[in-house]
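Please look at the sequence and the structure before reading on.

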Amino acid sequence: MADPAANRLPAAVEIAGYAGVVPFILCLIGEVMLPGYEQRDLAQRIAVAYGAAVLTFAGAVHWGFALA
């Protein structure tokens, strides 16, 4: 029987992974809580820009493995 603890990622990697979700959560909270349209629009634009940056890094890793 395999030990489930042996398959876990290091704690620093898990923390970094969860920290990557924090900007999305903050922007979602901003969309709901901010009073003005301009502020909500800015929160939405920040979320989209951050998501695009995350996707570019994920795509770079994908193509790096594909080309290797």
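How many residues does helix H3 have, and how far does helix H3 reach from its first C-alpha to its last?

## Basis of the model

The model is predicted, and local features need pLDDT of at least 70, side-chain atom pairs count only at pLDDT 80 or more, and totals for chains, interfaces and linings use all residues. Residues are numbered from 1 along each chain as its sequence is written, and side-chain values use heavy atoms, with hydrogens and water left out.

The pLDDT is the predictor's confidence in each residue, from 0 to 100. The protein chain averages a pLDDT of 88, and 94% of the residues score at least 70. Among the elements of the chain, helix H1 (residues 11-19) has the lowest mean pLDDT, 89, while H2 has the highest, 92.

## Helix H3

Helix H3 covers residues 37-67 and has 31 residues. Helices are DSSP runs (H or I, at least four residues), numbered from the N terminus. From its first C-alpha to its last, H3 reaches 44 Å, close to the 45 Å expected at 1.5 Å a residue. That expected span is 1.5 Å times one less than the number of residues.

Asp-41, Ala-43 and Gly-51 of H3 are buried; the term means under 20% relative accessible area, with exposed over 50% and partly exposed in between (1.4 Å probe, protein chains only). The cover over the buried residues of H3 includes helix H2 (22-33), where contact means heavy atoms within 4.5 Å.

## Salt bridges

How many salt bridges does a search of the whole structure find? The search finds two; a salt bridge is a side-chain nitrogen of Lys or Arg within 4 Å of a carboxyl oxygen of Asp or Glu.

One joins the side chains of Asp-41 and Arg-45 (2.9 Å, N to O). Both residues lie in helix H3, four residues apart, about one turn of the helix. An α-helix has 3.6 residues a turn, so residues three or four places apart point the same way. Arg-45 is exposed, at 56% relative accessibility.

Glu-14 and Arg-8 also meet through their side chains in a salt bridge (3.0 Å, N to O). Glu-14 is partly exposed, at 23% relative accessible area, whereas Arg-8 is exposed, at 55%.

## A nonpolar surface patch

A nonpolar patch on the surface includes Val-21, Phe-24, Met-33 and Val-54, and its residues together have about 930 Å² of accessible area. Patches are made of residues with over 30% relative accessible area and no salt bridge; like charges are joined within 9 Å, and nonpolar side chains (Val, Leu, Ile, Met, Phe, Trp, Tyr) within 5 Å. Accessible areas come from the Shrake-Rupley method with a 1.4 Å probe, and for residues only the protein chains shown count as cover.

The largest share of the patch, eight residues, comes from H2. Met-33 lies in helix H2 and counts as exposed at 63% relative accessibility.

Methods
Helices (H or I, at least four residues) and strands (E, at least two) are DSSP runs, numbered from the N terminus.
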